[in-house]
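Please open the structure in your viewer and keep the selection tool at hand.

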Amino acid sequence: MARNNRNENIDYINQQIIKMLSADGRIAYSEIAKELKISNSLVHQRIRKLQDSGIISGFSVQLNPKEIGYETITYTGIATKEARFAYSIAEKLKEIPEVVECHFVSGKYALFLKIVAANNEEFRKVLYEQIHNIEGVGSTDSFISFGSAFQKNISLF
């Protein structure tokens, strides 16, 4: 399948930098420089340009919800009473700590959420006492996750 690399900032060196950072986001820039046989300052410059262009959107810590006491992970679709409510609902959902992702989608739902809760009872409270009380929410369907099969970044190469 052909990839649409519309950004000329992704040359071979940048691809290798991205690959190394994807494998270990904490890798020292000096190690990248040594591996690619380029200067430390060039690695810094290239990563800064990749960030400035939006190709690299940030670096973050990935928490394991189960290890910190969150046993229930669900994906929940929200059907709105009217389409015009989608954006205001999304704004209200930002205020609920257990809602960790929110996507605008097509089809039966207007929004699709990832919710992380301590247990099923806490999930029920989030759903019925918070989400269903947001103006414009019509109905919801939830799907409990039994675990992630995999997660990965998009491939550039």
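Predicted model: local features only at pLDDT ≥ 70, side-chain atom pairs only at ≥ 80, totals over all residues.

Select residues 10-71, which UniProt lists in an unreviewed entry as "domain: HTH asnC-type".

Four of them form an open sheet with antiparallel pairing, in the order 2-3-1-4. Which strands stand at the edges? They are strand 2 (99-104) and strand 4 (137-144); each has a single partner strand, so one side of each lacks a neighbour in the sheet. From one strand to the next, the twist averages 20°.

Now select strand 2 together with strand 3 (residues 111-117). Five bridges join this antiparallel pair. Within the pairing, Cys102 is found opposite Leu113 of strand 3.

Helix 4 (residues 86-93) lies across strands 1, 2, 3 and 4, at about 165° to strand 2. Helix 5 (residues 120-130) lies across strand 1, strand 3 and strand 4, and runs at about 20° to strand 1.

Finally, select Thr74, which belongs to strand 1 (residues 72-80). Is Thr74 buried or exposed? Its relative accessible area is 0%, so Thr74 is buried. Leaving aside residues up to four places away in sequence, Thr74 touches several residues, including Leu113, Phe123 and Phe143. The side chain of Thr74 also makes a polar contact of 3.5 Å with the side chain of Thr76.

How values were computed
Residues numbered from 1 in each chain as written. Heavy atoms only, no water. Helix = DSSP H or I, 4+ residues; strand = E, 2+ residues; numbered from the N terminus. Buried < 20%, exposed > 50% of the residue type's maximum accessible area, 1.4 Å probe, protein only. Polar contact = N/O pair within 3.5 Å; in protein donor to acceptor, adjacent residues only side chain to side chain. Contact = heavy atoms within 4.5 Å. UniProt positions renumbered as here; feature names shortened; annotations may be inferred. Pairing = 2+ DSSP bridges. Axes fitted to C-alpha atoms, helices over the stretch in contact; angles between N-to-C directions.
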